Amino acid sequence: MKKSLIIFSLLIFTSLFLSNCAKNKTVTMEKDEYEELKKSKNDSDLYEFIYMYELEHPDHFASKLDLAKLNLFAGNYSEAWKYLTRAEGIAKTSEKKLSNQELSSMYGTFASLYVVSNDYNQAKTYIDKAYDVPKFGEQFGFLKGRIEAELGNNEDALKVFDKTYSKYSSQISPDELRTYLYLTANFANYKKALTLLEKYFKTGAFFPGLGLLASGIYEKNNDYTKSVLSAFLDYEYNSCYGNKNDKKFSENLKTAIKKAQEENNPDAQKALQAVLSL
C-alpha cells in the first residue's frame with residue numbers, strides 16, 4: 001500500500017513536471033516565434049503585424065508592450081495607455097516571470113507616459129523602478145535625469161546625466177540634451193557645456209532662449225565672436241516670432257563693446273560693431 005502511494009505520488013509529480021515543461025516550452029516557442037516574425041517585417045508592415053498578433057494572442061505580453069511603445073512614439077497616448085495597462089495586467093497574473101529587459105522597458109514606458117501627462121511625481125516612481133533593474137535599467141538614465149530636473153533635484157539629475165552620457169552619448173534625444181546642457185551650464189562646467197551646445201546645434205533643433213544660453217557659454221569660454229552672434233540668433237528669432245526690442249538689444253551690444261574694449265579684444269570688438277551696424 002505504501003509503495004503504491006509512493007508510485008502514485010511520483011506519477012503525479014512527473015505529470016505536473018512534464019505539463020509545466022510543455023507550458024514553458026510553448027511560452028518560449030511563442031516568444032521566439034514572435035521575435036523572429038517581427039524581424040521579418042518591414043517598418044511599414046510592423047504595426048499591422050503586431051496588432052494582429054496581439055489580437056490572436058490575448059495573453060501575450062511582448063506584443064502589448066510593443067504596441068504601447070509604438071503608440072507612445074506616434075503620439076497616440078490613449079492607445080499607448082490601453083496596451084500598457086493590458087501588458088501590466090499580464091505581468092501581474094502570469095506564471096512566467098518577466099525578463100529584466102521586459103521589466104525595465106515596461107516601467108520606462110510608464111514613466112514616459114506620465115512625463116507627457118506632466119505628472120512628474122508618478123513618472124519618478126516608475127523611472128526609479130526602471131533604472132534600478134540590473135543591466136538594462138541604466139539605459140533609462142537620460143529619462144531619469146530629465147524627470148529629476150523637472151522635480152528640482154538638479155544635483156541628482158546632473159549625476160545621472162553624467163553617468164549615462166559617458167556610456168550612451170549617441171542615444172540622447174534633443175530634449176534630454178537640452179536639459180543636460182542647462183544643468184551643466186548652471187553648475188558652471190562651461191567647457192562641458194560648450195561640447196554639449198555644439199552637439200545640440202548639430203541636431204538642428206531650436207528653442208526660444210537658445211541664443212542667449214549659447215551666448216553665455218561662448219562668453220565663459222572667451223569666444224566673444226560666437227557669443228555675439230549667438231545673442232543675435234535670439235534677436236532674429238524674436239524679430240520674426242516675438243516682440244521686437246531694438247533699443248534694448250542695441251544697449252546690450254554697446255555694453256558688450258565697452259567690455260571688449262576694456263579687455264583689449266579686437267576680434268570681439270569687430271564682431272560686435274558688425275552686428276551693431278546691421
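The model is predicted, and its secondary structure amounts to 14 helices and 0 strands. Of the 278 residues in the protein chain, 36% are buried.

**Overall make-up**
- Read from the N terminus, the elements run α-α-α-α-α-α-α-α-α-α-α-α-α-α.
- Where contacts join residues at least 6 apart in sequence, 48% of them link residues at least 24 apart.
- The protein chain has an accessible surface of about 17000 Å², and carbon and sulfur atoms account for 53% of that surface.

**Aromatic pairs around F110 and Y126**
- The aromatic pairs come to 14, and among them is the stacked pair of F110 and Y126, with 4.6 Å from centre to centre and 20 degrees between the planes.
- Because F110 belongs to helix α5 (residues 100–116) and Y126 to helix α6 (residues 120–131), this pair ties together parts that are 16 residues apart in sequence.
- Both F110 and Y126 are buried, and they form one aromatic cluster together with W81, Y107 and Y114.
- K129 lies over the face of Y126, at 5.0 Å from the ring centre.

**The pair of Y200 and F207**
- The ring centres of Y200 and F207 are 5.7 Å apart and the planes stand at 75 degrees, over the 60 degrees required, so this pair is edge-to-face.
- Y200 counts as buried, with 3% relative accessibility, and F207 likewise counts as buried at 3%.
- The charged end of R178 sits over the ring of F207, 4.0 Å from the centre of that ring.

Definitions and conventions: Residues numbered from 1 in each chain as written. Predicted model: local features only at pLDDT ≥ 70, side-chain atom pairs only at ≥ 80, totals over all residues. Heavy atoms only, no water. Helix = DSSP H or I, 4+ residues; strand = E, 2+ residues; numbered from the N terminus. Buried < 20%, exposed > 50% of the residue type's maximum accessible area, 1.4 Å probe, protein only. Contact = heavy atoms within 4.5 Å. Areas by Shrake-Rupley, 256 points an atom, 1.4 Å probe, with all protein chains shown as cover. Phe/Tyr/Trp six-rings, centres within 6.5 Å; stacked < 30°, edge-to-face > 60°. Lys NZ or Arg CZ within 6 Å of the ring centre and 35° of its normal.
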